[in-house]
Amino acid sequence: NDKGYGYERIVQTLLDDGISSDVFEVCYDRDIELEKATKHLKSLERKFNLLSLKKQKESIFNAYLRLGFKKDIINLVLSSRNQYDLLGEYDNLKRDYLKITYRLSENEVKEQKQKIVEKLIRKGYQYKDIINVMEEE
(Lines give C-alpha, C1' and ligand atoms only; values in the text may rest on other atoms or scores of the structure.)
Protein backbone atom coordinates (compact mmCIF):
# COMPACT_ATOMS: atom_id res chain seq x y z
CA ASN A 1 0.00 0.00 0.00
CA ASP A 2 2.15 2.86 -1.32
CA LYS A 3 0.88 6.26 -0.20
CA GLY A 4 3.90 8.06 -1.59
CA TYR A 5 5.74 8.27 1.69
CA GLY A 6 9.46 8.86 1.78
CA TYR A 7 12.14 6.59 3.14
CA GLU A 8 12.28 8.16 6.61
CA ARG A 9 8.56 7.75 7.24
CA ILE A 10 8.53 4.18 5.92
CA VAL A 11 11.48 3.25 8.14
CA GLN A 12 9.81 4.77 11.19
CA THR A 13 6.58 2.87 10.49
CA LEU A 14 8.48 -0.40 10.12
CA LEU A 15 10.43 0.24 13.31
CA ASP A 16 7.16 0.96 15.11
CA ASP A 17 5.87 -2.38 13.80
CA GLY A 18 8.93 -4.14 15.25
CA ILE A 19 10.86 -4.89 12.07
CA SER A 20 14.66 -4.97 12.39
CA SER A 21 16.61 -1.93 11.13
CA ASP A 22 19.22 -4.15 9.40
CA VAL A 23 16.95 -4.51 6.37
CA PHE A 24 16.39 -0.83 5.59
CA GLU A 25 19.66 0.34 4.00
CA VAL A 26 19.64 -2.63 1.63
CA CYS A 27 16.16 -1.64 0.39
CA TYR A 28 16.86 2.08 -0.11
CA ASP A 29 17.04 3.23 -3.74
CA ARG A 30 17.80 6.94 -4.09
CA ASP A 31 16.46 7.10 -7.67
CA ILE A 32 13.09 5.67 -6.66
CA GLU A 33 12.95 8.09 -3.73
CA LEU A 34 13.67 11.03 -6.05
CA GLU A 35 11.02 9.87 -8.51
CA LYS A 36 8.40 9.58 -5.72
CA ALA A 37 9.27 13.05 -4.41
CA THR A 38 9.05 14.54 -7.91
CA LYS A 39 5.55 13.07 -8.36
CA HIS A 40 4.39 15.02 -5.29
CA LEU A 41 5.73 18.37 -6.48
CA LYS A 42 2.82 19.45 -8.71
CA SER A 43 0.17 18.76 -6.08
CA LEU A 44 2.20 20.55 -3.41
CA GLU A 45 2.72 23.55 -5.71
CA ARG A 46 -1.04 23.70 -6.32
CA LYS A 47 -1.74 23.43 -2.60
CA PHE A 48 0.55 26.35 -1.72
CA ASN A 49 0.28 28.47 -4.89
CA LEU A 50 -1.36 31.45 -3.17
CA LEU A 51 1.64 32.03 -0.91
CA SER A 52 4.70 34.13 -1.66
CA LEU A 53 7.57 32.22 -3.29
CA LYS A 54 9.53 32.21 -0.04
CA LYS A 55 6.56 30.80 1.93
CA GLN A 56 5.78 28.34 -0.86
CA LYS A 57 9.27 26.87 -0.74
CA GLU A 58 9.15 26.68 3.07
CA SER A 59 5.70 25.04 3.08
CA ILE A 60 6.61 22.53 0.37
CA PHE A 61 9.84 21.65 2.18
CA ASN A 62 7.92 21.02 5.43
CA ALA A 63 5.29 18.95 3.60
CA TYR A 64 8.04 16.74 2.17
CA LEU A 65 9.52 16.32 5.65
CA ARG A 66 6.11 15.24 6.97
CA LEU A 67 5.90 12.72 4.14
CA GLY A 68 9.26 11.32 5.27
CA PHE A 69 11.62 12.36 2.49
CA LYS A 70 15.31 12.95 3.18
CA LYS A 71 16.53 16.55 3.09
CA ASP A 72 18.96 15.98 0.22
CA ILE A 73 16.12 14.58 -1.92
CA ILE A 74 13.86 17.52 -1.01
CA ASN A 75 16.57 20.02 -1.92
CA LEU A 76 17.12 18.31 -5.28
CA VAL A 77 13.42 18.45 -6.12
CA LEU A 78 13.05 22.06 -5.00
CA SER A 79 16.11 23.18 -6.94
CA SER A 80 14.59 21.73 -10.10
CA ARG A 81 11.37 23.74 -9.84
CA ASN A 82 10.95 27.15 -11.37
CA GLN A 83 11.23 29.14 -8.15
CA TYR A 84 11.32 32.49 -9.81
CA ASP A 85 7.87 32.73 -11.30
CA LEU A 86 8.01 36.49 -10.88
CA LEU A 87 4.73 37.12 -12.65
CA GLY A 88 2.92 34.76 -10.30
CA GLU A 89 4.71 36.32 -7.33
CA TYR A 90 3.66 39.78 -8.48
CA ASP A 91 0.03 38.67 -8.92
CA ASN A 92 -0.01 37.14 -5.43
CA LEU A 93 1.50 40.30 -3.94
CA LYS A 94 -1.03 42.51 -5.68
CA ARG A 95 -3.90 40.28 -4.55
CA ASP A 96 -2.69 40.33 -0.93
CA TYR A 97 -2.19 44.11 -1.05
CA LEU A 98 -5.72 44.63 -2.37
CA LYS A 99 -7.10 42.28 0.28
CA ILE A 100 -5.50 44.37 3.01
CA THR A 101 -6.46 47.77 1.59
CA TYR A 102 -9.81 47.29 -0.16
CA ARG A 103 -11.86 48.78 2.71
CA LEU A 104 -9.46 51.64 3.38
CA SER A 105 -9.71 55.11 1.90
CA GLU A 106 -6.71 56.59 0.10
CA ASN A 107 -5.84 58.65 3.18
CA GLU A 108 -6.07 55.61 5.47
CA VAL A 109 -3.74 53.67 3.16
CA LYS A 110 -1.19 56.50 3.39
CA GLU A 111 -1.54 56.68 7.20
CA GLN A 112 -1.15 52.91 7.59
CA LYS A 113 1.58 52.46 4.97
CA GLN A 114 4.10 51.08 7.48
CA LYS A 115 1.63 48.54 8.89
CA ILE A 116 0.65 47.40 5.40
CA VAL A 117 4.32 46.99 4.41
CA GLU A 118 5.03 45.01 7.60
CA LYS A 119 2.08 42.67 6.97
CA LEU A 120 3.24 41.95 3.43
CA ILE A 121 6.86 41.41 4.52
CA ARG A 122 5.64 38.88 7.11
CA LYS A 123 3.92 37.05 4.25
CA GLY A 124 7.33 36.72 2.58
CA TYR A 125 7.31 39.46 -0.06
CA GLN A 126 10.31 41.66 -0.85
CA TYR A 127 10.24 45.31 0.30
CA LYS A 128 11.06 46.75 -3.14
CA ASP A 129 8.22 44.75 -4.74
CA ILE A 130 5.75 45.94 -2.09
CA ILE A 131 6.73 49.57 -2.70
CA ASN A 132 6.29 49.08 -6.47
CA VAL A 133 2.77 47.71 -5.98
CA MET A 134 1.87 50.52 -3.56
CA GLU A 135 3.06 53.16 -6.02
CA GLU A 136 0.96 51.62 -8.82
CA GLU A 137 -2.25 51.75 -6.84
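Biologist: Which word describes Asp-96, buried or exposed?
Modeller: This is a predicted model, and in it Asp-96 has a relative accessible area of 4%.

Biologist: With which residue does the side chain of Asp-96 meet in a salt bridge?
Modeller: Side chains of opposite charge can pair when their charged atoms come close. For Asp-96 the N to O distance in the salt bridge is 3.1 Å, and the partner counts as partly exposed because its relative accessibility is 25%. The residue that meets Asp-96 in this way is Arg-95.

Biologist: How far apart are the closest N and O atoms of Lys-42 and Glu-45?
Modeller: Both residues lie in helix H3, which covers residues 30-47, and they are three residues apart, about one turn of the helix. Lys-42 is exposed, with a relative accessible area of 57%, whereas Glu-45 counts as buried at 18% relative accessibility. The two form a salt bridge, and the distance between the closest N and O atoms is 3.8 Å.

Biologist: Which residue's side chain meets that of Asp-129 in a salt bridge?
Modeller: Asp-129 counts as partly exposed, since its relative accessibility is 25%. The side chains come to 3.5 Å, N to O, and the partner is exposed, with a relative accessible area of 57%. That partner of Asp-129 is Lys-128.

Biologist: To what number does the count of salt bridges come?
Modeller: The pairs described so far include Lys-42 with Glu-45 and Arg-95 with Asp-96. A pair is counted when a side-chain nitrogen of Lys or Arg lies within 4 Å of a carboxyl oxygen of Asp or Glu. By this rule the count of salt bridges comes to seven.

Biologist: Which helix supplies the largest share of the positive patch?
Modeller: On the surface, Lys-99, Lys-115, Lys-119, Arg-122 and Lys-123 gather in a patch of positive charge. Lys-123 lies in the loop between H8 and helix H9 (127-136), and this residue counts as partly exposed because its relative accessibility is 36%. The largest share, three residues, comes from the helix at residues 113-122, which is H8.

Biologist: Which residues is Glu-89 in contact with, leaving aside its neighbours within four places in sequence?
Modeller: Glu-89 lies in helix H6, at residues 86-101, and is buried, with a relative accessible area of 10%. Leaving aside the neighbours within four places in sequence, the residues in contact with Glu-89 are Ser-52, Leu-53, Gly-124 and Tyr-125.

Biologist: What distance separates the C-alpha atoms of Asn-49 and Glu-89?
Modeller: Asn-49 lies in the loop between H3 and helix H4 (53-67), and counts as partly exposed at 40% relative accessibility. When residues up to four places away in sequence are not counted, Asn-49 touches Gln-56 and Asn-92. Although Asn-49 and Glu-89 are 40 residues apart along the chain, their C-alpha atoms are separated by 9.3 Å.

Biologist: How many helices does the secondary structure of the chain come to?
Modeller: Read along the sequence, the chain follows the pattern α-α-α-α-α-α-α-α-α. The secondary structure has zero strands, and the number of helices is nine.

Biologist: What percentage of the residues in the chain is buried?
Modeller: The chain exposes about 9500 Å², of which carbon and sulfur atoms supply 51%. Among contacts between residues at least 6 apart in sequence, 64% join residues at least 24 apart. The chain has 137 residues, and the buried ones make up 33%.

Technical notes
Residues are numbered from 1 along each chain as its sequence is written. This is a predicted model: local features need pLDDT of at least 70, side-chain atom pairs count only at pLDDT 80 or more; totals for chains, interfaces and linings use all residues. Side-chain values use heavy atoms; hydrogens and water are left out. Patches are made of residues with over 30% relative accessible area and no salt bridge: like charges are joined within 9 Å, nonpolar side chains (Val, Leu, Ile, Met, Phe, Trp, Tyr) within 5 Å. Accessible areas come from the Shrake-Rupley method with a 1.4 Å probe; for residues, only the protein chains shown count as cover. Lys and Arg count as positive and Asp and Glu as negative; His and the chain ends are not counted. The place of a charge is taken as NZ of Lys, CZ of Arg, CG of Asp or CD of Glu. Helices (H or I, at least four residues) and strands (E, at least two) are DSSP runs, numbered from the N terminus. Buried means under 20% relative accessible area, exposed over 50%, partly exposed in between (1.4 Å probe, protein chains only). Contact means heavy atoms within 4.5 Å.
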